[in-house]
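Dear colleague,

Please find below the structure I am handing over to you, together with its sequence. My findings follow it.

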Amino acid sequence: MTSSRSSSDTSLNGLALEAVEHRLQALSEYLAVYRAGLASGVGGWQWRQVRVLRSDIARLQAWWWYLSGRQRGASWVPWLDRLAALLVPMLPLRKVKTRRRHAARTMRRIGSHSLVQRAYLNLEEDLQGQLLTRRLTAKQFPGRVTEAQINHSESRLAQAVLLSRECLPESRHVAICCELLRAVMVIRQRLGLPLPMARVMEP
């Protein structure tokens, strides 16, 4: 029973890593577009987009490091969780704010919890699309898609739904982990140490 639960947790953690990596890839591509706009002198308002995207990417990289540590069974993860649990009561519980576009067409910074949750939800939507495509293909072209492939897609989607609905820690816990690991990453970078970062292809 314990082994089965451990295997399920590992699978969910792996799916969470996949979600964060996909979101990091998308944000890196957005950042490249805005940087190109700045280089061509298109609108000073894009400086804010660049700052927001850099912040989002840094916090997601920190959360990826946390998930990666959990996946590898790193000894520092339980200590970080304990520290976060101690600090949580000291932080006010903030209302979740969505990012809106205003007159200047700039983006607003959202909390780390919302940022990670959006990554999980994006993966869920992608898997829904993949499952729908496979089902339609199976109906239109019998034999191209096997029952095993459809079952696999259904299983991954069920895990993604569980991940986005129930497996994300409390918002302040996520925020503390992201900010602490982000600070550690900055220190490591200044010391010339290698950074534990997700592999994101340059757009």
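I begin with Val77, which, apart from neighbours within four places in sequence, is in contact with Tyr66, Gly69 and Arg70. Val77 lies in helix α3 and is buried, its relative accessible area being 5%. Its C-alpha atom is 8.9 Å from that of Leu67, a residue 10 positions away along the chain. Please note that the model is a predicted one.

Overall architecture

The protein chain contains six helices and zero strands, so that its elements, read from the N terminus, follow the order α-α-α-α-α-α. Of its 203 residues, 36% are buried.

Individual helices

Helix α2 comprises 27 residues, and the distance from its first C-alpha to its last is 38 Å, close to the 39 Å expected at 1.5 Å a residue. Because 19 of those 27 residues are buried, α2 is largely enclosed by the rest of the structure. Gly73 follows α2 and has a positive phi, near 70°.

Helix α4 has 29 residues and reaches 42 Å between its first and last C-alpha atoms, close to the expected 42 Å. Its buried residues include Ser112, His113 and Ser114, and also Val116, Tyr120 and Glu124.

Among the buried residues of α5 are Ile150, Ser153, Arg156, Leu157 and Gln159.

The nonpolar core

Which residues touch the most other members of the largest nonpolar core? They are Val20, Leu60, Trp63, Tyr66, Leu67, Val116 and Tyr120, out of 46 residues in that core. The elements contributing two or more residues to this core are α1, α2, α3 (76-87), α4, α5 and α6 (171-190). Helix α1 gives the most, with 11 residues. As general background, nonpolar side chains in soluble globular proteins tend to be buried together.

Leaving aside neighbours within four places in sequence, Leu67 is in contact with Asn13, Ala16, Leu17, Val20 and Tyr120. Two of these contact partners, Val20 and Tyr120, are also named among the core residues that touch the most other members.

Salt bridges

How many salt bridges does the model contain? The count comes to five, and three of them are described here.

One is formed by the side chains of Glu18 and Arg156, with an N to O distance of 2.8 Å. This pair links distant parts of the chain, since Glu18 belongs to helix α1 (residues 2-39) and Arg156 to helix α5 (residues 147-166), 138 residues apart. Arg156 is one of the buried residues of α5.

Another joins Glu154 and Arg135, whose closest N and O atoms are 2.7 Å apart. This pair also connects distant parts of the chain, with Glu154 in helix α5 and Arg135 in helix α4 (residues 112-140), 19 residues apart. Are these two partners buried or partly exposed? Glu154 has a relative accessibility of 31% and therefore counts as partly exposed. Arg135, at 38% relative accessibility, counts as partly exposed as well.

A further salt bridge is found between the side chains of Asp56 and Arg59, at 2.7 Å from N to O. These residues are three apart in helix α2 (residues 46-72), which means that about one helical turn separates them. An α-helix has 3.6 residues a turn, so residues three or four places apart point the same way. Both Asp56 and Arg59 are buried.

Surface

Finally, Ile187, Leu191 and Leu193 make up a nonpolar surface patch of about 300 Å². Of this group, Ile187 is located in helix α6.

With kind regards

Terms used: Residues numbered from 1 in each chain as written. Predicted model: local features only at pLDDT ≥ 70, side-chain atom pairs only at ≥ 80, totals over all residues. Heavy atoms only, no water. Salt bridge = Lys/Arg side-chain N within 4 Å of Asp/Glu carboxyl O. Helix = DSSP H or I, 4+ residues; strand = E, 2+ residues; numbered from the N terminus. Buried < 20%, exposed > 50% of the residue type's maximum accessible area, 1.4 Å probe, protein only. Core = buried A, V, L, I, M, F, W, Y, C linked by side-chain atoms within 4.5 Å. Contact = heavy atoms within 4.5 Å. Patch = residues over 30% accessible without salt bridge, like charges linked within 9 Å, V, L, I, M, F, W, Y side chains within 5 Å. Areas by Shrake-Rupley, 256 points an atom, 1.4 Å probe, with all protein chains shown as cover. Expected span 1.5 Å × (residues − 1).
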